[in-house]
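Hi,

Here's the structure I promised to pass along.

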Amino acid sequence: MSLMSVCGTDCSACYCYGEMCSGCSACEGKVFHAPNGCTIYNCVVHENKLKDCGKCDKMPCDIWRATRDPKYSDEEFEQNIAMRVQALKG
């Protein structure tokens, strides 16, 4: 069973999960790589009172693009978004 974050990322696949990071839901969006809090988490949970982005009619929104991981090329980032959308919609 995988641990799904609110944006559809499978945290269990990350080498940091369980060591440096306990996942966005466990730390309420304040993961080590976003010390001021993940803006996706804050939007979904606090502003829109949703369990995850899957029920949001704006997905993927501009916040997803603003929190882009710089290690991805444009094509890889689009593939990553498509994968997360698919994971959330099941």
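In which segment is Tyr 15 found? Tyr 15 sits in the segment before H1, where helices (H or I, at least four residues) are DSSP runs numbered from the N terminus.

A quick word on the basis: this is a predicted model, with local features needing pLDDT of at least 70 and side-chain atom pairs counting only at pLDDT 80 or more, while totals for chains, interfaces and linings use all residues. Residues are numbered from 1 along each chain as its sequence is written, and side-chain values use heavy atoms, leaving out hydrogens and water.

Back to Tyr 15: its relative accessibility is 71%, so it counts as exposed (over 50% relative accessible area; buried is under 20%, partly exposed in between, with a 1.4 Å probe and protein chains only).

On to Lys 55, which is in the loop between helix H1 (39-47) and helix H2 (62-66). Lys 55 is exposed too, at 73% relative accessibility.

Now the cysteines. Taking a disulfide as a pair of cysteine sulfur atoms within 2.5 Å, the count is 0. Cys 16 is buried, at 4% relative accessible area. For Cys 61, the closest cysteine sulfur is in Cys 43, and 5.6 Å is again too far. Cys 61 is partly exposed, at 21%.

Cheers

Methods:
Helices (H or I, at least four residues) and strands (E, at least two) are DSSP runs, numbered from the N terminus.
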